[in-house]
Amino acid sequence: MPTITKLYTMREVALHNSADDCWIVVDGKVYDVTSYLDDHPGGADVLVSATGKDATEEFEDAGHSKDARNQMKDYCIGELDPTPPIPEMEVFRKDGLPFSFFTSKTAKVWAIPAAVTVLGVSIVAAIIYARKK
């Protein structure tokens, strides 16, 4: 039966980028190695320099043993989300529109009287036109 694993984006991983909160990505898996910093044979600085990013290349270049790879399982908290990020939409302010007058408070106050005036003039014009025929 497949196991359910938590998915993280690189943006989420990047937020955990200090010695007090140290996440790394290796081969698409996300590891919280904060508690392992003091025990790392290469020193904490090696892990801290890779914090918040994909450290697969650095990990492979170091030539870790099979035991080290097995020990990593204890620190795995999830996997990197393989779906591409959705671009954020731009938000425009109302007052940036070319018709911003119609959304202003002044226009809202005068909208009803202006509409009544236009309607009244139209009715009077229609009555005058009807009488001429």
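Reader: By class, what does the lining of the largest pocket have?
Author: This is a predicted model: local features need pLDDT of at least 70, side-chain atom pairs count only at pLDDT 80 or more, and totals for chains, interfaces and linings use all residues, while side-chain values use heavy atoms, with hydrogens and water left out. Residues are numbered from 1 along each chain as its sequence is written. A pocket is an open set of points on a 1 Å grid over the protein atoms alone, where a 1.4 Å probe fits, with protein on both sides within 12 Å along at least five of seven lines; lining residues have an atom within 4 Å of a point. Sorting that lining (Ala, Val, Leu, Ile, Met, Phe, Trp, Tyr, Cys and Pro are nonpolar, Asp, Glu, Lys and Arg charged, the others, Gly among them, polar), you get 15 nonpolar, seven polar and one charged residues.

Reader: Which residues lie nearest the centre of the largest pocket?
Author: The lining takes in 23 residues. β3 (21–26), α2 (44–49), α3 (56–61) and α4 (66–72) are the elements that each give two or more of them; helices (H or I, at least four residues) and strands (E, at least two) are DSSP runs, numbered from the N terminus. Nearest the centre you'll find Tyr36, His40, Leu47, Phe59 and His64.

Reader: And the second largest pocket, how many charged residues does its lining have?
Author: Thr9, Met10, Arg11, Asp81, Thr83, Pro84, Pro85, Ile86 and Glu88 line that one. By class, four of these are nonpolar and two are polar, and the charged ones number three.

Reader: Which strands are the edge strands of the sheet?
Author: The sheet is open, has five strands with mixed pairing, and runs in the order β1-β5-β4-β3-β2. Strands count as paired if DSSP finds at least two bridges between them. Two strands pair on one side only, and these are β1 (7–8) and β2 (17–18).

Reader: In what sense do β1 and β5 pair, parallel or antiparallel?
Author: Leucine 7 has glutamate 79 of β5 as its bridge partner, and tyrosine 8 sits across from leucine 80 in β5. Over these two bridges, β1 and β5 (residues 76–80) pair in a sense that is parallel.

Reader: What does the aromatic pair of tyrosine 8 and tryptophan 23 tie together?
Author: Searching the whole structure turns up two aromatic pairs (rings of Phe, Tyr and Trp, its six-membered ring, with centres within 6.5 Å; planes under 30 degrees apart are stacked, over 60 edge-to-face, the rest tilted). Tyrosine 8 and tryptophan 23 pair edge-to-face, at 5.0 Å centre to centre and 75° between the planes. Tyrosine 8 is in strand β1 and tryptophan 23 in strand β3, so the pair ties together parts whose separation in sequence is 15 residues.

Reader: In which strand is confidence highest?
Author: The chain averages a pLDDT (the predictor's confidence in each residue, from 0 to 100) of 84, with 83% of the residues scoring at least 70. Confidence is lowest in helix α5 (residues 105–132), with a mean of 82, and highest, at 95, in strand β4 (residues 29–32).
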